[in-house]
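Please look over the chain below. This report takes up its helix packing, its domains and its sheet.

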Amino acid sequence: MYIHIAGKQIHYIKKADIFDSARLENLKKKGVKKLFVRNEEEENYLKYLDMCLNVLSDKNFDIKKKGEISYDALVTDAENAEKNLETEAGYAGVRNRVGKIIDYLGSDKGALKSVLTSAGIAIDDHQHSANVASLATALALRVGGISPREVGDLSLAGLVHDLGKPKMGFTGAVDMNKLTPQEKKDYRKHPERTLEILSSKKYITPLILRLVNEHEELANGKGYPERKNLGSLPLTSQILSLCNNVDNYSQAKQIPPTDAIKPYFQENADLFEPDLMSKMSDILLGK
Ligand SMILES: [Fe+2]
Ligand SMILES: [Fe+2]
C-alpha cells in the first residue's frame, strides 16, 4: 500500500504486514486522506471494502467509523467507476456497495453528517463525486416518494456525473470566472462528454443518463446545456443539481459542506425550491 506525500507515492506497507487501526489513526493524524493500491491488488481491496460495508447494518457499531467506511467506499467507487462500468458484473458490484450505503444513510438522522464529516472539503473530482452521491442519496430519502430504484440511480449518477470533465482537461473545482470564453464553452460540454462515455453501456439506466445530462441545470434557468428551469426539471434532477452545486460551493470557498450550507443559502436563495433547500439544510445539520 502506498501513501501520497509531496506529489509522490511512497511505499508504506508490504502485503504481508499487518495494517492495524493504530497505524491508520497515525496516518489520519498526519492528514493523509488517500491510500494508493496497486492495480493487481484492487480486487482484494474491493473485497475488503465489501466486507467493511457489512458493519453499516450493525446498530452497535460506532457512527463516526461507519461514516468513514461509507465515504472510503464511495471515493473508491468514484475512482474506479469507468473501469467498473466496463462490464455488467462490475456495474452490479458498484450497485451492491452503493445499496449498502443507501440503507445506512436512511437508517439514522446523523448518518449523512457522519459521512460528510469524514469527507470534509473535497480535494479532487473523486471526493467531490463521493460527496455529491451521499448528499443526493440522503436528500432523496428525506424528500420521500422516490422509489428505491431511483434512489440507487441518483447515487450512481452522483458517482459518475463528472466522468467526462478530466478528459477535457478540467480537474478539481473549476472557477468559471477565470476561464476564457472558449474554455467556458468547452467546459459547458462536460455533461455531454460524460454521456458519451456512459451511453454505450446498455445496463446504465435511462434515468442515470438523464441525471448526468441535467446535473448542471439550475432551477432559475441559468444552467446548462439547455437552460432548463424548475418547470422542466424533474425532482430527481433538481436533487442532483442542488447537491452538485452545494459541493462545488464548498470546494470553491474551502468550507466543509456541513458549514457551507448556511452561506450557500444566503447567496443562492433563488436557485432551487425553498422546500428542497430547507430539507437539504436539515440533513446537513443532522436534523
Ligand atoms: Fe459537472
Ligand atoms: Fe460535479
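## Helices α3 and α5

In this predicted model, helix α3 spans residues 63-79 and helix α5 spans residues 88-107. Their axes come within 11 Å and cross at roughly 150 degrees. An angle over 145 degrees counts as roughly antiparallel, so α3 is roughly antiparallel to α5. The crossing of the two is left-handed.

Which residues of α3 and α5 meet? From α3 come Lys66, Ser70, Ala73, Leu74 and Asp77. From α5 come Val94, Arg97, Val98, Ile101 and Tyr104. By class, this contact of α3 with α5 has 6 nonpolar residues, 1 polar and 3 charged.

## Helices α8 and α11

Helix α8 covers residues 148-160, and helix α11 covers residues 206-213. They pack at an angle of about 45 degrees, and their axes are 9 Å apart. Roughly parallel would need an angle under 35 degrees, and roughly perpendicular 65 to 115. The pair α8 and α11 is therefore oblique. Here α8 passes α11 in a right-handed crossing.

On the α8 side, the contact is made by Glu150, Asp153, Leu154, Leu156, Ala157 and Val160. On the α11 side, Leu207, Ile208, Leu211 and Val212 take part. The contact of α8 with α11 holds 8 nonpolar residues and 2 charged ones, with no polar residue.

## Domains

How is the protein chain divided? Domain 1 runs over 1-36, and domain 2 over 47-284. The centres of domain 1 and domain 2, taken over C-alpha atoms, are separated by 27 Å.

## The sheet and its hairpin

Three strands make an open sheet. Their order is β2-β1-β3, and the pairing is antiparallel. Strands β2 and β3 (35-36) are at the edges. Each of these edge strands pairs on one side only.

Strand β1 holds residues 2-5, and strand β2 holds residues 8-11. They pair in the antiparallel sense over 4 bridges. What are the bridge partners in β2 of histidine 4 and isoleucine 5? Histidine 4 is bridged to glutamine 9, and isoleucine 5 to lysine 8. Together β1 and β2 form a hairpin, with 2 residues between the strands. Alanine 6 lies in the turn and has a positive phi of about 45 degrees. In a regular strand, side chains alternate between the two faces of the sheet.

Technical notes:
Residues numbered from 1 in each chain as written. Chains lettered and ligands numbered in written order. Predicted model: local features only at pLDDT ≥ 70, side-chain atom pairs only at ≥ 80, totals over all residues. Pairing = 2+ DSSP bridges. Axes fitted to C-alpha atoms, helices over the stretch in contact; angles between N-to-C directions. Left-handed = near helix turned anticlockwise from the far one by under 90°. Contact = placed C-beta atoms within 7 Å. Nonpolar A, V, L, I, M, F, W, Y, C, P; charged D, E, K, R; others polar. Domains from an automatic or database assignment.
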